[in-house]
Amino acid sequence: MKDTIPQPYQPTEVKKIGAVLIQVLEKYYQECYQAKGRSVPELNPSHLIELAQSSLDNPSRSFAELAELALSLGHRLHDPRYMGHQVPPVIPVSALFDILGTAANQGAAVFEMAPFGTAAERAVIQELGKLVGWTAGTFAGIGTHGGTLANVTALLAARNIRYSKVWREGMASSSALKPAIMTSEDSHYCIARACGILGLGTSQLIKVPIDDRRKMDLFEARKLLLKSKEQGFDVFAIVGSACTTPTGSFDDLEGVAALAKEFKLWFHVDGAHGASFLFSERYKSLLKGAELADSLTWDAHKMLFVPALSTYLLYKNAEHSWEAFAQDAPYLFDPKDPQGLAEFDGGLRTFECTKGALSLGLWGVWSLYGKEFLASLIERAMESTKVFYDLLKASPDFEPAHVPECNILCFQFKPTSMGTDLEKLSELQFKIRKRLLRDGEGYITGTRLGGRYYLRVTVINPLTSKEHFASLMDKIRDVAPNLES
Ligand SMILES: Cc1ncc(COP(=O)(O)O)c(C=O)c1O
């Protein structure tokens, strides 16, 4: 019998390759932490595709060679000079826990296909909901592959609850007025995308202006709500950002909740980035009012330092978690199941039919190192951002665009030689970012605020320190003079 097991399936092969994998990873992390040379490879897509293709054409290389190829030409998020998007250098062990789900291929949309994977997801959801401030047993949630999907799902539930015939009969049965969703100008683009997907149309997204701290202007929001009906809109949901993507600003969630109550709207909080601050006693007040939400999106693959994708969509009222989808698929989920296991089938609450055991990474590191360790990573990111802000403030040739509310910070390089032409300054920042990307020694991003380009960091690597910020500033000073014209 043993002879019939194909070699790639043999436990001894797994042992051999597993040992090599661990060695390759150890070397990779050591190299990343040294923060030397390129951390982003040359971004030459056709060359990279050619390299990737060569081993498909000729499968002769060893696992070590292939693994090293993939890692050496990847983006090194574990290099402390990485201050890029809201994608963390993961706690390495969380990736190993994820392997348990992928190696055993646990499909977590159906309880019986991933009993423990589903249980871990349930357990994590119970703890996250309690952190929001909800009472155990009253709320529910579902793991999704990403915050975008969670936001769409929440708004789908909101739509189906408000317009009870729409799921079966389509949008024509919704309302004489145009169903609409309200959010701030700075909310993530996936909220507009949701309007397209849900059949509302993106022009039925009412974007509220932001105030001087880039938060939803609640006075303007109320004015827009008061005149929404006469303008032909039936606003059924309002989305608060906790926080926004460009600058990490937290909407006043209590204020948004009050509007939701006054105008009978579904209140959704997009906490993809910021919900994790609930882990920290020091920073959880940023989320004040989240407990009033009907639904909340929470990406663990951002500020809980686990691999993508691991998102949780939480509903304050457990019953609402069934409303996004009304699907009959007796071969998968049988509500008449005598054991009552259908209740644990995630598939009834989520888009996906096959879905990964996406909680194992978080469940694993939480179980190993405790909630306090996750809180310490969050607090470290917050405090490092403050260090960078202070450095920028103290440097006459740099200007932060805002006081950071969390670990996202935008700024500009403003050498006196450039004068005060805002357009030219904007262009300079754009060129600086392109140049830094070309050199590949560390990584930052950029964004447009009020039409002008700003450099942008998300301080998310626990090893990033004052020296790395100072080196980044020096590097910008070095490259900028050649880019100014
Ligand atoms: C506020 C906010 N919402 C939603 C998303 C989308 O989440 P995901 O990338 O997990 O789909 C992001 C991603 O950056 C975000 O910042």
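Okay, let's start with a term: the radius of gyration here is taken over C-alpha atoms, and the rule for a globule is 2.2 Å times the number of residues to the power 0.38. For 485 residues, that rule puts a compact globule near 23 Å, and our protein has 24 Å, which agrees.

Quick housekeeping. This is a predicted model, where local features need pLDDT of at least 70 and side-chain atom pairs count only at pLDDT 80 or more, while totals for chains, interfaces and linings use all residues. Residues are numbered from 1 along each chain as its sequence is written.

So, the overall picture. The C-alpha trace spans about 75 × 60 × 45 Å along its principal axes. You'll find 15 helices and eleven strands in there; those are DSSP runs, H or I of at least four residues for helices, E of at least two for strands, numbered from the N terminus.

Now, how is the protein divided? There's domain 1, residues 106-369, and domain 2, residues 372-483, with bounds from an automatic or database domain assignment. Their centres, over C-alpha atoms, are 31 Å apart. Where they meet, 20 residues of domain 1 are in contact with 16 of domain 2, contact being C-beta atoms, placed from the backbone, within 7 Å.

Methods. Two residues are in contact if their C-beta atoms, placed from the backbone, lie within 7 Å.
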